[in-house]
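Q: Please show me the structure, and then take me through how to read its features one at a time.

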Amino acid sequence: MIRWRKGEVVAVRREWPGAMELDVTLPEGNCRALAYPPLVGRPEPGDTVLLNTTALAMGLGTGGYAMVVAVPDRLPEDPQGPGHLVKARYTPLQATVLGADEQDSPHHEILRDADSVDGMPVIVADLHSALPAILCGLYGSRPGARPRVAYVMLDGGALPGWFSMSAARLREIGWLCGVVTTGQSFGGDVEAVTVHTGLLAARHVLSADVAIVTQGPGNLGTGTRWGFSGVSAGEAVNAAAVLGGRPVAALRVSEGDLRERHIGVSHHSLTAYGRVALAPAQVVIPELPGAFGERVIAQAAELAPRHELVRVPVDGLEKILEDSPVKLSTMGRGLAQDLAGFLASAAAGRHAASLLA
């Protein structure tokens, strides 16, 4: 189940909050490795590191790193401070964090009886790659205005919030007021037990005007109707609705995917919103040109019995996306290779901006 290797750190390639990318020498050659200093300490050139190389051997795209499990000759200091939430529970790297909703938290009193997000728009998307595109559409549609936007991260993809370079950069430039990691995910500005308390924390702890809910990087799919981690998008719609939010569903759309089940509106969106989401949402239909745009409208029509379908123009959004402060990439495809997918996400952001107005 795990491929174990021992290697030596050669160099630090780059780093961002909570994560370091390393060059490591193994008996079979050099490899790229990822370390989370809050978990394992800070590896330095010359250190021996214990690695999990499973994802690297599998050739995974998003997660294709060797993961540093420990720096055995230089262990980090014991953690200090409060915190009783255990995440990645009962795994060798389970971590204790301070949850916003636990009794030792300074926010416990706020969240103990909190039961509403006060009509806050909650934009739900399948893939993590939708996050920056949604923000481009949101901010590009409100020039000069700066609503507070929180990212509520589900645990269907990466568990460490630190893995997302996009979230770190968006946080740095002020496009996100904070990251809330929910369920088994961890490493956000705020930790929460469930997506429900995550949304409540976004509103009442981070004072967010808008929340964006997606899984972390590296979703899981099997090519079956129900076997994909994005089903959680439907559950997020339910959570937003039961807490008095305004759910906005961003469709997963692609013109560049080679798999038929993802061309036009992905079957992930049709299942998550059409079968899993029991509460109504505003489903954003991007007004894309030509036959492909008509295909998207026709496919999304099956969501109409349960949801409100909102058609949103995409004029001007391509230029806004070109100016994105972070790299746009979905399933290895950039803006030019799958423009329709990013326009669909940006359209959801544009619609949320209209709700704020």
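Q: Which helix gives the most residues to the lining of the largest cavity?

A: A cavity is a set of points, on a 1 Å grid over the protein atoms alone, where a 1.4 Å probe fits but cannot get out; lining residues have an atom within 4 Å of a point. Helices (H or I, at least four residues) and strands (E, at least two) are DSSP runs, numbered from the N terminus. Here H11 gives the most to the lining of the largest cavity, with three residues. Along with helix H11 (339–356), strand E14 (253–254) gives two or more residues to that lining. This is a predicted model, where local features need pLDDT of at least 70 and side-chain atom pairs count only at pLDDT 80 or more, while totals for chains, interfaces and linings use all residues. Residues are numbered from 1 along each chain as its sequence is written, and side-chain values use heavy atoms, with hydrogens and water left out.

Q: How much space lies in the largest cavity, and which residues are closest to its centre?

A: A volume is the space filled by probe spheres set on the grid points, which are joined across faces, edges and corners. The largest cavity holds about 190 Å³ of space. It is lined by 20 residues, and Leu127, Arg252, Val253, Thr330 and Gly341 are the closest to its centre. The count of cavities of 30 Å³ or more is one.

Q: Is H11 largely enclosed or exposed?

A: Buried means under 20% relative accessible area, exposed over 50%, and partly exposed in between (1.4 Å probe, protein chains only). In H11, 15 of the 18 residues are buried, so this helix is largely enclosed by the rest of the structure.

Q: What span should H11 have?

A: The expected span of a helix is 1.5 Å times one less than its number of residues. For the 18 residues of H11 that gives 26 Å, and its end C-alpha atoms are 26 Å apart, which agrees.

Q: Which strands pair with E8?

A: Two strands pair if DSSP finds at least two bridges between them. E8 is joined to strand E13 (residues 246–250) by four bridges, and the two run parallel; Val122 stands opposite Pro247 in E13. E8 also pairs with strand E12 (residues 210–215) in the parallel sense, over three bridges, with Val124 opposite Val213. Both faces of E8 (residues 121–124) are covered: Pro121 and Ile123 are buried on one side, Val122 and Val124 on the other.

Q: How many disulfides does the structure hold?

A: A disulfide is a pair of cysteine sulfur atoms within 2.5 Å. The structure holds zero. For Cys177, the nearest cysteine sulfur is that of Cys136, 17 Å away. Cys177 is buried, at 12% relative accessible area.

Methods. On a 1 Å grid over the protein atoms alone, a cavity is a set of points where a 1.4 Å probe fits but cannot get out, and a pocket is an open set with protein on both sides within 12 Å along at least five of seven lines; lining residues have an atom within 4 Å of a point.
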